[in-house]
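Subject: Handing over a structure, with notes on what was found

Hello,

Please find the structure below, together with its sequence, and keep both open while you read the notes that follow.

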Amino acid sequence: MKLPVIKHVLGFVETHDQDWVVETIELLEYMSELSSIKDEELDVIGELLSNLYGALEVHQAIQQGTPAKEALNQFMGRVLGSIDQ
């Protein structure tokens, strides 16, 4: 996951709507089921999906009243914590 990408997607959600991101996730998940997709392409789709899901999770925290910077830090803390385990 890349924090700059998550921040950029958050900007898109604020300007537009999170439904666009949800629909993009659905499309990428559908594309990942294609039998002819290469491993490298699947890795890229997986990275995009993780960033999109991360942005939606941070957006939800912000909607619940958590300041944006704090929501991002909490999210990345959980991600890094799960990697360490």
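Asp 39 is found in helix 3, and its C-alpha atom is separated by 26 Å from that of Met 76, a residue 37 places away along the chain.

Before going further, please note that this is a predicted model, in which local features need pLDDT of at least 70 and side-chain atom pairs count only at pLDDT 80 or more, while totals for chains, interfaces and linings use all residues. Residues are numbered from 1 along each chain as its sequence is written, and side-chain values use heavy atoms, with hydrogens and water left out.

The overall picture

The protein has four helices and zero strands, where helices (H or I, at least four residues) and strands (E, at least two) are DSSP runs numbered from the N terminus. Read along the sequence, this gives the pattern α-α-α-α, and the C-alpha trace spans about 45 × 35 × 15 Å along its principal axes. Of the 85 residues in the protein, 29% are buried. A contact means heavy atoms within 4.5 Å, and among contacts between residues at least 6 apart in sequence, 63% join residues at least 24 apart. The protein exposes about 6000 Å², of which carbon and sulfur atoms supply 55%; accessible areas come from the Shrake-Rupley method with a 1.4 Å probe, and for residues only the protein chains shown count as cover.

The nonpolar core

Which residues have the most contacts inside the largest nonpolar core? They are Ile 6, Val 9, Val 21, Ile 25, Leu 52, Val 58 and Phe 75, in a core of 20 residues. Such a core is a set of buried Ala, Val, Leu, Ile, Met, Phe, Trp, Tyr and Cys residues joined through side-chain atoms within 4.5 Å. The elements that give two or more residues to this core are helix 1 (3-15), helix 2 (18-32), helix 3 (39-63) and helix 4 (68-84), and the largest share, seven residues, comes from helix 3.

Val 58 lies in helix 3 and is buried, with a relative accessible area of 1%. Not counting residues up to four places away in sequence, Val 58 touches Ile 6, Leu 10, Ala 71, Leu 72 and Phe 75. With sequence neighbours set aside by that rule, Ile 6 in turn touches Met 1, Asn 51, Gly 54, Ala 55, Val 58, Leu 72, Phe 75 and Met 76.

Asn 51, one of the residues that Ile 6 touches, also lies in helix 3 and is buried, with a relative accessible area of 3%. Leaving aside neighbours within four places in sequence, Asn 51 is in contact with Met 1, Lys 2, Val 5 and Ile 6.

Pairs of side chains

Side chains of opposite charge can pair when their charged atoms come close. A salt bridge is a side-chain nitrogen of Lys or Arg within 4 Å of a carboxyl oxygen of Asp or Glu, and by this rule the count comes to one. Glu 57 forms a salt bridge with Arg 78, the closest N and O atoms being 2.2 Å apart. Glu 57 lies in helix 3 and Arg 78 in helix 4, so the pair ties together parts that are 21 residues apart in sequence. Glu 57 is partly exposed at 35% relative accessible area, and Arg 78 counts as partly exposed at 45%.

The structure also holds one aromatic pair. Phe 12 and Trp 20 form this pair, which is edge-to-face, with 6.4 Å from centre to centre and 85° between the planes. Rings of Phe, Tyr and Trp (its six-membered ring) pair if their centres lie within 6.5 Å, and planes under 30 degrees apart count as stacked, over 60 as edge-to-face and the rest as tilted. Phe 12 is partly exposed, with a relative accessible area of 32%, whereas Trp 20 counts as exposed at 53%.

Technical notes: Buried means under 20% relative accessible area, exposed over 50%, partly exposed in between (1.4 Å probe, protein chains only).
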